[in-house]
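Hello,

Here is the structure I said I would pass on. Please open it first and keep it beside you while you read the notes below.

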Protein chains: 2
Amino acid sequence: MYKFPVLEIFGPTIQGEGMVVGRKTMFVRTAGCDYSCSWCDSAFTWDGSSKEDIKQLTADEILCRLKKDGGKSFDYVTISGGNPALFSHLDELINLLHSENVKVALETQGSRWQEWFLKIDDLTLSPKPPSSQMITNWKILDEIIGHLSSNNRLQYTSLKIVIFTNEDLTYAKKIHERFPHIPLYLQVGNEDLDEDNEERLMKKLLEKYKWLVNEVMVSSTLNSVHVLPQLHTLLWGNRRGV
Amino acid sequence: MYKFPVLEIFGPTIQGEGMVVGRKTMFVRTAGCDYSCSWCDSAFTWDGSSKEDIKQLTADEILCRLKKDGGKSFDYVTISGGNPALFSHLDELINLLHSENVKVALETQGSRWQEWFLKIDDLTLSPKPPSSQMITNWKILDEIIGHLSSNNRLQYTSLKIVIFTNEDLTYAKKIHERFPHIPLYLQVGNEDLDEDNEERLMKKLLEKYKWLVNEVMVSSTLNSVHVLPQLHTLLWGNRRGV
Ligand code: SF4
Ligand code: SF4
């Protein structure tokens, strides 16, 4: 069995973002990312700051940890990162979870294709807009969406863009025009990753959310879209592992 | 053409609740309800207080009003009430919207069947828990879900329960055990319909949401569920028409 670098296993909690927002789920967070977004809220997965917390675990060991924490109170696991698409053998974990009747969601920025994307029950592709300082590789993104499409997986796929600026909104429009048939989720970015006053954070996030909603409402390019805040940040602020 | 009693047409805004939470949509709110829930947040649709605002409109007139407000910035309309399932000829409106490539969502408590339920793109059945003081007619609810199931419409259907009390949670578990294959959305009830201090309201709603999330997380009956707040109340408080 292969081993995967795991930084966190936690839950059950709710999915705070995107296509299954509010869904009861466990989380498995893998270490490592091929990006380094300026506003990354999981920089500890790749910047070395949590290196000593990384555990090399097999699929069996991950399932065992999930059951230890979640007992019988879960039927859904979200694999997050970092970028979990770095691991070509992750289907060992996906298959094992499916054999236990557990559904699997996964989020990746869309910089790598993996054959096991076809097995993910709810796949979120989250390309990064200009404010991240990352450059989208359109060829790879087109290929990923092409593979998903030709395997009839688009109904299990969504696009999510985190929005900080007006340039990010322009990028989101470009994405929507390029892939009009894939549900698009726009999410308010969190600019205050160090804010530990939860009330102040909550107010700022809702103000920012209001701005994004208003921008989208007047756009005739962005009709078939969802606009969402991060529910877990509204609930628990910038804390990790909730 | 038939006429329908309409109380409000507004948008574009976001859907604040349930299966398509965050979706950009226009709203059409019909007048009249066969229920009188103790905590109804749309009591003006049935308690006579907004009687003089009701307009009798044809489907054509409703579409015209939607276009006047929404321009080219919408492709989705949510029909809400009151109980829009009181109107047997509502398919005139649904067909007209579909002919304009507009999707249609509708919410009803599940006290009446209408043949046009089969045409709704996203149908929310929202039976009312004990705190509402209403009594669920299980025979009718079973029939509605039976019809939807035998017509292959369950993938377009969800159940939503507003939760105020522990008894409501018990009711939600009963619903989930009775209809395990229909996605279940649990929503925090708003106890402060008269609160006009938005910050105080926001804090209370998030506290209540935290309570509900925590209750659901430890339950092994409630696994395949979504737990959500009302996003529009977090954004705009108790204001109408947003
Ligand atoms: S892709 Fe995701 S995990 Fe990687 S740096 Fe960007 S935000 Fe962080
Ligand atoms: S069913 Fe809905 S509209 Fe009717 S009284 Fe209850 S909450 Fe109000």
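**What was found**

Chain B and chain A bury about 3100 Å² between them, and 62% of that area is on carbon and sulfur atoms. Please keep in mind that this is a predicted model. The size of an interface is often given as the accessible area lost when the parts come together, so that figure is a reasonable place to begin.

**The contact between the chains**

Chain B gives 37 residues to the contact, and chain A gives 37 residues as well. Between the two chains there are 24 residue pairs in polar contact, counting pairs with both residues at pLDDT 80 or more. The parts of chain B that give two or more residues to the side touching chain A are strand E1 (3–14), helix H5 (198–217), strand E9 (225–228) and helix H6 (231–236). H5(B) supplies the largest share of that side, with 10 residues. Sorted by class, the side of chain B that touches chain A holds 21 nonpolar, 8 polar and 8 charged residues.

The count of salt bridges between chain B and chain A is 2. One of them joins the side chains of A:Lys203 and B:Glu199, with a distance of 3.4 Å from N to O.

**How the two copies are related**

Two copies of a chain are related by a rotation about an axis and a shift along it. The same surface serves both copies, since 100% of the contact residues of chain B recur in chain A.

**The ligands**

Ligand 1 has these residues around it: A:Cys33, A:Tyr35, A:Ser36, A:Cys37, A:Cys40, A:Trp46, A:Gly82, A:Gln109 and A:Lys128. By class, the shell of ligand 1 divides into 5 nonpolar, 3 polar and 1 charged.

Ligand 2 is surrounded by residues of chain B, namely B:Cys33, B:Tyr35, B:Ser36, B:Cys37, B:Cys40, B:Trp46, B:Gly82, B:Gln109 and B:Lys128. The shell around ligand 2 divides into 5 nonpolar, 3 polar and 1 charged.

Two residues of the ligand 2 shell, B:Trp46 and B:Gly82, turn up again among the contacts of B:Gly32. B:Gly32 is found in the loop between strand E2 (24–30) and strand E3 (55–58) of chain B. Leaving out residues up to four places away in sequence, B:Gly32 touches B:Thr45, B:Trp46, B:Gly82, B:Asn83 and B:Leu86. B:Gly32 and B:Phe117 are 85 residues apart in sequence, and their C-alpha atoms are 18 Å apart in space.

**Backbone details**

A:Gly82, which was listed around ligand 1, also belongs to a cis peptide bond: the bond from A:Gly81 to A:Gly82 has omega near 5°. A:Gly82 is in the loop between strand E4 (76–80) and helix H2 (91–99) of chain A.

In chain B, a cis peptide bond joins B:Gly11 and B:Pro12, with omega about -5°. B:Pro12 is placed in strand E1 of chain B, one of the elements that touch chain A.

Where is A:Asn152 in chain A? A:Asn152 lies in the loop between helix H3 (138–150) and strand E7 (157–163). Its phi is positive, about 55°, although A:Asn152 is not a glycine.

**Salt bridges in the whole structure**

How many salt bridges are found over all chains? The search of the whole structure finds 25. Among them is the pair A:Glu107 and A:Lys160, whose closest N and O atoms are 2.7 Å apart. This pair links distant parts of the chain: A:Glu107 is in strand E5 (residues 103–108) of chain A and A:Lys160 is in strand E7 of chain A, 53 residues apart.

Regards

Notes:
Residues numbered from 1 in each chain as written. Chains lettered and ligands numbered in written order. Predicted model: local features only at pLDDT ≥ 70, side-chain atom pairs only at ≥ 80, totals over all residues. Heavy atoms only, no water. Contact = heavy atoms within 4.5 Å. Buried area = accessible area lost by both parts, 1.4 Å probe. Salt bridge = Lys/Arg side-chain N within 4 Å of Asp/Glu carboxyl O. Polar contact = N/O pair within 3.5 Å; in protein donor to acceptor, adjacent residues only side chain to side chain. Helix = DSSP H or I, 4+ residues; strand = E, 2+ residues; numbered from the N terminus. Nonpolar A, V, L, I, M, F, W, Y, C, P; charged D, E, K, R; others polar. Near = heavy atom within 4 Å.
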